[in-house]
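Here is a short briefing on a two-chain model. Please look over the sequence and the structure first.

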Amino acid sequence: MAQPLTKDGMTPKPRPVAPLPPVLRGFLWAAIGFIVLAAMAAWLDPSPVSPYLTAVGAIAGWFGAVIGWLLGIGGYEHIVKPMMGFPSPAVRTSGWRRYYEYALDHKVIGLQYLGASTGTFFIAGLIAMAMRFQLMNYRPTLFHYPQDYLNAVGIHGTLMMFTVATVAMVGGLGNYFVPLMIGTRETMFPKASGLSVWLVPLGVLTVAMSPLLGQWTTGWRGYEPLAASDGNGLLYYYMGVFALTTSSLIVAINLTATILFKRTKGMTWNRLPLFAWGILTVSLLNIIWLPEIQTTFILGMLDKVMPLNLFNVFGQPLGYEYLFWLFGHPEVYIVVLPALAIWSEIIPVMGRKSLFARPIAVLGLVFVMLLSGMVWAHHMFTMMRYSEMLPFSFFTEMISIPTGFAYLAVIGTLWNSRLRLTTPTLLVLMSMFNFLIGGLTGLFLADVPANLQLHNTFFVVGHFHYTIIGGMVFSWMAAMYYWLPKFSGRTYSEFWGKFGAIWVFVAFNATFLNFFILGLHGMNRWVSAYPKYLQPENFWTSIAAFFLGAGFAINVIHIVWAWVKGPKVRENPWDAKTLEWRTSSPPPTKNFDTLPVVVGSFYTYGDGVPDPVEMPVAGIDTKDSRV
Amino acid sequence: MGSLVMFGVLWVVGSLLAEWGATAWIDSAPNGAGPYFGTASNLGIVGVHAFDFLVWVAVPIFVFVVLMILFAMVKFRARRSEKVADAPSQVRNNKVFVGTWILISILLNLLIWLHPNASGLEQVFAAQLPANNPKPVVVDVTARQWEWIFSYPQYHITQSLNASGQDTLYMPVNRPVKFVLRSYDPFHSYAHQVDVIHGFWIPAFGVKLDVIPGETRILYLTANKLISTESNPMARVQCSEVCGPGHPYMEANLHVVTGSQFAAWAKAQAAHG
């Protein structure tokens, strides 16, 4: 029976019968909002060249569209009206339609985030395929003008960063699993969370459609002063990223508050699961740095529209670059911290062995978080003063110490374990291999004399694809296979899982190892055409990249098949100890009939180790309580 | 204990073999340029030494982790027929291992920061002192959307062009060259909007420096090899910072020639205007 998760004690109104499905109504209201505000802007600030749509109008209209979209998707009934004293309506709690509506259940929201991330991974991945097709020949083939290609590069990077890399494991898996893992029935701010997820498709569409306003060539970083004179599509790059980062910011606030205040009885900091630690550190990074990049983007936007001359020759041409990387480097740790955390989650379960040096693993996550704000200018060694080179190379190299703690914990756990070589195990080991290459090539880039050659070549592109695909995407896949029985009560085929993992691993390395060689050979970034001598290597890199794309498709198809039609499994197929496995699969709307009480460590194995969880007898009231 | 000895032996042997392979790769070209290529200038030599040293540092780390992954997959693997049971050993901490790990990672990081990073930077900084670059050839480099313009004030060459009218850079070998780098458009000097960041990069020289609007940056460089774009496509001036649609095509040919050839070329260019 439909039960709303509201606490106000009011009798919930039955779910309203909407005249339109919420997504369609959202589109309609967004269109109305856009037209109204764009028209107002065109009336107040007419342009001699464009009577209907101006740069200012495009921005005003966009804000109108955001308001219309969020109200139409459900914000009107679920947030605005209750604020005025109307009772909160119920939300749908069963059927596929609940994923296309406003939701309050963190698991539905988590899957909405995961779906949005996966869909965007597909879109941005197709763009990558098109880019690799272009680079098979030293002369332009698919994109005839460089701006077409450079715009594709920018959209690929922006979508991958802000919708996949920083969202899939945080908004997606974090929303779904953190409340389950810490033993609570809901997140702290379910209403805000239910709305925030709908900013993702909006942001993706904004970025993907941005070329309609004029092509932009800056890539995902939007470097000034080029941005100021570049196509007006950059305005929608700023706006789209603004929507996506706002969404991530709400996730961060919600999950931080949930972890701080909603842990079940006995869930002390020393018992908090590693994945929750990962999400906590990431969320703190998000809370610190996302407002910073949003401010920077607003400055960039104003600089472009006014213009304010903030970042050009009359202002500070490097100002934007410093502000961008001040966020931009913590961003890559936002991407990778959940991945490092998931390693320590999966390996003890699969190895049937206690997590080695757990405090060090947690400290590693925390110190990476703290240090990540001190390394940013290593993206700018070719721009900066000589006096800045030594301190930034120092901090950059030092951050490998806490990053190494993730390896320390996993290696210590692997030693003398009884490792079950399942698909998730395999993917974690592959992720460790790939991220190792990403880290070791980072040594070369952190070294300033070598960086002066390697900067802005394909060596750098190879390096960060090794950390992001190799580290985060492989770990994301590991987590998807690991938690598949939890999502659906079904499991995957071990053969096809391993087949897909090995396929992706081989194709990934064949693609991106070549990037290092290409970079050393003088292949620079952001080029749709290049000197002829680089063609043979680029050709084979592209062939490998197509195999990589196909490999991801194989895994997605397999996971979807297993989710829907895979063989049913028992509720805790891995015999894991963390709390998400202490409820049925898929979990009921309220997660737990009675809230579990934690009495020991989830990561201690061995004969005679008592169960770390006590399930109170049903009927006794166990409210969420902090310890 | 058996696993530990076995792992140790495999690690040492594997690292030695890998180091041997890496050294062969590094030495497969002069100046240790096997994997690196960009060694045709004094700064490129600093870069390649750093690169090669880091390869040697990275190899044992790489072998350690990869071997550990393989070891876990082979030696510590649970047989499929086995019943799922907890591992017999449940060591949750090992102060010696953790302490050694942390100590080594701190020392290794300090090492590579001091050498090759700080030591290499010292050479880079020294190479940029005017006193260490006597009698340089001055080349004024102007980066605009989208062209490299080279002028030689000492030789009264306002824009160095080849026979087809393309910008071209000539340098004498083994003599310091002082590049004076600016980003502005001399043909549209009223349009500050087109002044963007470019990257002055010659791949064969192993060095690049970004050109920032409103700033004049100086790069001292000494070429140590007779090369040209025709003989080695890495010997080219290439913009390395995305600067708009023309970025992929923002390149110019380079010729490193002998002193007498350079003098003859400069005379002919100056006569051209």
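**Briefing: two chains and the contact between them**

In the hairpin formed by β5(B) and β6(B), 4 residues lie between the strands, and B:Gly206 there takes a positive phi near 70 degrees. The model is predicted.

- β5(B) covers residues 198–202 and is mostly covered, with 5 of its 5 residues buried.
- Which residues of β5(B) point one way, and which the other way? B:His198, B:Phe200 and B:Ile202 point one way, B:Gly199 and B:Trp201 the other way, and all are buried.
- In a regular strand, side chains alternate between the two faces of the sheet.
- Strand β6 of chain B, residues 207–211, runs antiparallel to β5(B), and 5 bridges join the two.
- Within that pair, B:His198 stands opposite B:Val211 of β6(B).
- Strand β8 of chain B, residues 236–239, also runs antiparallel to β5(B), joined by 2 bridges.
- There, B:Phe200 has B:Cys239 of β8(B) as its bridge partner.

**Chain B as a whole**

- Chain B has 4 helices and 9 strands.
- Along the sequence their pattern is α-α-α-β-β-β-β-β-β-β-β-β-α.
- Why is chain B described as more spread out than a compact globule? Its radius of gyration is 26 Å, well over the 19 Å that the globule rule gives for 273 residues, so chain B is more spread out than a compact globule.
- The C-alpha trace of chain B spans about 85 × 40 × 35 Å along its principal axes.
- Of the 273 residues in chain B, 41% are buried.
- Take the contacts in chain B between residues at least 6 apart in sequence: 67% of them join residues at least 24 apart.

**Domains of chain B**

- The domain assignment gives chain B a domain 1 (2–75 + 99–127) and a domain 2 (135–272).
- The C-alpha centres of domain 1 and domain 2 of chain B are 35 Å apart.
- Contact between them involves 11 residues of domain 1 of chain B and 14 residues of domain 2 of chain B.
- Helix α2 of chain B, residues 42–74, gives the most to the domain 1 side of this contact, with 5 residues.
- By class, that domain 1 side has 5 nonpolar, 6 polar and no charged residues.

**B:Ile112, a residue that touches both chains**

- B:Ile112 sits in helix α3 of chain B, residues 95–127.
- Is B:Ile112 buried or exposed? B:Ile112 has 23 C-beta neighbours inside 10 Å, so it counts as buried; the cut-off is 20 or more.
- Leaving out residues up to four places away in sequence, B:Ile112 touches A:Glu397, A:Leu443 and A:Asp447 in chain A, and B:Leu54, B:Val57 and B:Asn117 in chain B.
- B:Ser240 is 128 residues from B:Ile112 in sequence, and their C-alpha atoms are 26 Å apart in space.

- Chain A is divided into domain 1 (21–87) and domain 2 (104–565).
- The C-alpha centres of these two domains of chain A lie 31 Å apart.
- In chain A, 12 residues of domain 1 are in contact with 11 residues of domain 2.
- The domain 1 side of that contact has 10 nonpolar, 2 polar and no charged residues.
- Helix α9 of chain A, residues 233–261, has 29 residues, and at 1.5 Å a residue these should span 42 Å; the end C-alpha atoms are 42 Å apart, which agrees.
- Of the 29 residues of α9(A), 23 are buried, so this helix is largely enclosed by the rest of the structure.

**Where chain A meets chain B**

- How many residues are in contact across the two chains? The contact joins 78 residues of chain A and 77 residues of chain B.
- The elements that give two or more residues to the chain A side are α4 (146–165), α8 (226–229), α13 (386–398), α14 (400–414), α15 (423–446) and α16 (448–454) of chain A.
- The largest share of that side, 8 residues, comes from α14(A).
- By class, the chain A side has 46 nonpolar, 23 polar and 9 charged residues.

Definitions and conventions: Residues are numbered from 1 along each chain as its sequence is written. Chains are lettered from A and ligands numbered from 1 in the order in which they are written. This is a predicted model: local features need pLDDT of at least 70, side-chain atom pairs count only at pLDDT 80 or more; totals for chains, interfaces and linings use all residues. Two residues are in contact if their C-beta atoms, placed from the backbone, lie within 7 Å. Ala, Val, Leu, Ile, Met, Phe, Trp, Tyr, Cys and Pro count as nonpolar, Asp, Glu, Lys and Arg as charged, and the others, Gly among them, as polar. Domain bounds come from an automatic or database domain assignment. The radius of gyration is taken over C-alpha atoms; the globule rule is 2.2 Å times the number of residues to the power 0.38. A residue is buried if 20 or more other C-beta atoms lie within 10 Å of its own, exposed if 12 or fewer, and partly exposed in between; C-beta atoms are placed from the backbone. The expected span of a helix is 1.5 Å times one less than its number of residues. Two strands pair if DSSP finds at least two bridges between them.
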